[in-house]
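Visitor: I am new to this structure and would like to learn how to read it. Please take me through it feature by feature.

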Amino acid sequence: MSLRTALVTGASRGIGKAIALQLAHDGYQVAITDLASQKDQAMATVEELKKISNNAIFVEANSAKRDDIFNAVNQTHKQLGGFNTIVNNAGICQVTPLVEATEADLLAITQINLGGVLWGIQAAATKFDELGHGGKIISAASVAAHNAFEMLSLYSASKWAVRGLNQAAAKELATRNITVNTYCPGIVLTPMWDLIDEKMGEYAGVPKGDTVKKYIENIALGRGSQPQDIADLVSFLASPKSDYITGQSIVVDGGIVYT
């Protein structure tokens with residue numbers, strides 16, 4: 001029997017890296033993707049993964065490109081000998097007033113945040129069918145998919161769209177024993193939130209650090225999230241303990257929105 005095998009997109013650093021490392025600790029073989037520009041970080045992550053599970057690979061891929069994601073899934077199966085789980089983690093964020101958003105902004109965030117999830121669902125379902133078994137599809141949404149953020153209009157809209165795609169896919173794929181769920185992080189202290197803090201601060205005319213501090217003050221548990229907080233939820237969603245859960249978008253935000 002082959003070992004459980006997962007593919008995590010956008011996993012050279014941040015939340016994706018934490019998810020990949022946790023899945024390795026859970027006994028998974030792990031493949032990760034990222035852009036060519038992130039190859040050095042990605043290979044360093046692969047070396048960390050190999051110390052845990054002995055079998056890990058990097059596949060260069062742009063999640064906005066359908067062929068890249070299908071190739072990543074195929075390479076995961078070919079090189080690691082199995083495929084059970086995909087984590088569609090890759091995504092981008094834009095900070096801009098709604099009235100200033102451009103066609104290029106809309107295209108970029110839609111292709112990656114929504115398109116990357118769509119291609120991941122398609123590629124995983126195709127491979128599961130080919131292998132004759134079900135599997136787990138887990139995708140990144142956001143707390144902004146439940147309660148939109150100002151200055152993050154297109155990001156919020158893209159994550160709301162991921163929730164809808166998640167529900168539709170869960171209904172379509174249930175008879176094939178494929179579960180489909182999303183995780184919805186809140187204020188995670190990663191480079192993405194460093195960027196949000198900086199850009200929002202520029203628009204508001206406040207020093208760096210003030211914006212993220214304001215948001216953290218509204219978190220019930222009193223702290224920003226660490227990537228491991230998200231990885232722990234994904235660990236559960238990738239495990240047999242979640243076999244009766246599908247179509248859900250689960251918030252892990254320390255108490256910002258309540259669903």
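**Reading burial and salt bridges**

Guide: Start with Asp229, which is partly exposed, its relative accessible area being 23%. Keep in mind that this is a predicted model.

Visitor: How is a percentage like that turned into a word, and what is the relative accessible area of Arg223?

Guide: Buried means under 20%, exposed means over 50%, and partly exposed is in between. Arg223 has a relative accessible area of 44%, so Arg223 is partly exposed.

Visitor: What joins the side chains of Asp229 and Arg223?

Guide: A salt bridge pairs a side-chain nitrogen of Lys or Arg with a carboxyl oxygen of Asp or Glu within 4 Å. Here Asp229 and Arg223 form one, with 3.0 Å from N to O.

Visitor: How many salt bridges does the structure hold?

Guide: There are 5. Another of them pairs Glu48 with Lys17, where the closest N and O atoms are 2.8 Å apart. Glu48 belongs to helix α2 (residues 39-53) and Lys17 to helix α1 (residues 14-25), so this pair ties together parts that lie 31 residues apart in sequence.

Visitor: Which residue forms a salt bridge with Lys136?

Guide: Asp243 does, and the closest N and O atoms of the pair are 2.7 Å apart. This pair links distant parts of the chain, 107 residues apart: Lys136 sits in strand β5 (residues 135-140), while Asp243 sits in the loop between α8 (227-237) and β7 (249-252).

Visitor: How do I read the accessibility of Lys136 and Asp243?

Guide: Apply the cut-offs to each residue in turn. Lys136 has a relative accessible area of 9%, so Lys136 is buried. Asp243, at 49%, is partly exposed.

Visitor: Where does UniProt place the feature "active site"?

Guide: The UniProt record, an unreviewed entry, puts that feature at Tyr155. In this model, Tyr155 is part of helix α5 (residues 153-173).

Visitor: Which residues does Tyr155 touch?

Guide: Leaving aside residues up to four places away in sequence, Tyr155 touches Ile92, Cys93, Ile109, Asn113, Ala141, Ser142, Ala144 and Met192.

Methods. Residues numbered from 1 in each chain as written. Predicted model: local features only at pLDDT ≥ 70, side-chain atom pairs only at ≥ 80, totals over all residues. Heavy atoms only, no water. UniProt positions renumbered as here; feature names shortened; annotations may be inferred. Helix = DSSP H or I, 4+ residues; strand = E, 2+ residues; numbered from the N terminus. Contact = heavy atoms within 4.5 Å. Buried < 20%, exposed > 50% of the residue type's maximum accessible area, 1.4 Å probe, protein only.
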